[in-house]
Amino acid sequence: MAPLRRSRNNCAPTLIVVLAILAGAVPRLMAQNCGCAADECCSRYGYCGKSDDYCGTGCQEGPCNTQPLTPSTHNVSVADIVTPEFFNGIIDQADAGCAGKNFYSREVFLEAANSYPEFGQVGSIDDSKREIAAFFGHVTHETGHFCYIEEINGASGDYCDETNTQYPCNPEKKYYGRGPIQLSWNFNYGPAGESIGFDGLNSPETVANDPVISFKTALWYWMENVRPVIGEGFGATIRAINGALECDGGNPTTVQKRIEYYTEYCNQLGVDPGENLTC
């Protein structure tokens, strides 16, 4: 299998850096409670403005450029969708010697998912199934059917953004891909750790040692960076995860593999995969 190496964020200035820029440059700050003017957007971080940073991905209200998420019309049981047959149908395809075989499990996933009650709760039941299929489509590709816990040859890569002073790198640590969505970079380990409750900057290896935290980092990244575009089609989720390296002709083979896994899981769950599958 090809090495799972990538930039975890789609552009070198990270979302965290963008947040810092917004905090320093935007005069109107109404965090998480915008109260914006009629011609302004409330950004995902709760700031008012008119550019794509405000009106693009994650825009909460106003003249948003992206379609807002449809509120859930049903209380979906993720456990009823991610059945033992569904989960085991993925992990059983990994070789017996894979590290992930004794690390990942449906039980651990469901335990982690309890911390993210909005996961799989969007629009209709079919919409919820599509979100879950998309999540596992990406996870399958990222981990090789739950074979890998850590990025292949990841320790040889440089995943430290030294310009990010909010989440400075520990020079003795490596921030390469770990977990179901291969969390990478200091600017992701830092806030993920703050949100979940582990020291992401000084103990990034926790993601490869604690299966519950490992799944929580994947769900954290999903809810923060991927779910806001789920209504735009599966292609938008590819761009949110690894667009800089794969989309716009960057790596059409890996894009196609992600699409194949997604559509396979949609078929298993009995839903149409929808439009805009590629990026």
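Visitor: Which residues does K50 touch, not counting residues up to four places away in sequence?

Guide: K50 touches D39, E40 and C55, where a contact means that heavy atoms lie within 4.5 Å. K50 and E40 are 10 residues apart in sequence, and their C-alpha atoms are 5.2 Å apart in space. Please keep in mind that this is a predicted model, in which local features need pLDDT of at least 70 and side-chain atom pairs count only at pLDDT 80 or more, while totals for chains, interfaces and linings use all residues. Residues are numbered from 1 along each chain as its sequence is written, and side-chain values use heavy atoms, with hydrogens and water left out.

Visitor: Why is K50 called exposed?

Guide: A residue is buried under 20% relative accessible area, exposed over 50%, and partly exposed in between, with a 1.4 Å probe and protein chains only. K50 has 54% relative accessibility, and therefore counts as exposed. Its place is the loop between β2 (48-49) and α2 (52-55); helices are DSSP runs of H or I with at least four residues, strands are runs of E with at least two, and both are numbered from the N terminus.

Visitor: What makes T217 buried?

Guide: The relative accessible area of T217 is 2%, so this residue counts as buried. T217 is found in helix α9 (residues 211-226), and, leaving aside its neighbours within four places in sequence, it is in contact with L183, I196, F198 and V207.

Visitor: How do you know that α7 is mostly covered?

Guide: Nine of the 11 residues of α7 are buried, and among them are F187, Y189 and I196. After α7 comes G197, which has a positive phi near 110°.

Visitor: Are H145 and W185 buried or exposed?

Guide: With a relative accessible area of 12%, H145 is buried, and W185, at 16% relative accessibility, counts as buried too.

Visitor: How does the reach of helix α11 compare with the span expected at 1.5 Å a residue?

Guide: The expected span of a helix is 1.5 Å times one less than its number of residues. Helix α11 (residues 252-269) has 18 residues and reaches 26 Å from its first C-alpha to its last, which is close to the 26 Å expected.

Visitor: Which residues of α11 are buried, and what makes them line one face of the helix?

Guide: The buried residues of α11 are T254, V255, R258, I259, Y261, Y262, Y265, C266 and L269. Seen down the axis of α11, these buried residues fall within an arc of 160°, so they line one face of the helix; the arc is that of the directions from the helix axis to the C-beta atoms. An α-helix has 3.6 residues a turn, so residues three or four places apart point the same way. On the other side of α11, P252, T253 and N267 are exposed. The cover of the buried residues of α11 includes α3 (78-81), α4 (84-91), α6 (125-143) and α10 (234-246).

Visitor: Why is the pair of F109 and F136 called edge-to-face?

Guide: Rings of Phe, Tyr and Trp (its six-membered ring) pair if their centres lie within 6.5 Å, and planes under 30 degrees apart count as stacked, over 60 as edge-to-face and the rest as tilted. By this rule the count comes to 20 aromatic pairs. In one of them, the ring centres of F109 and F136 are 5.1 Å apart and the planes stand at 70°, so the pair is edge-to-face. This pair links distant parts of the chain, with F109 in helix α5 (residues 106-113) and F136 in helix α6, 27 residues apart. Both F109 and F136 are buried.

Visitor: How do you know that the charged end of R178 sits over the ring of Y176?

Guide: A charge sits over a ring if NZ of Lys or CZ of Arg is within 6 Å of the ring centre and within 35 degrees of the ring normal. The charged end of R178 is 4.0 Å from the centre of the ring of Y176, and it sits over that ring.
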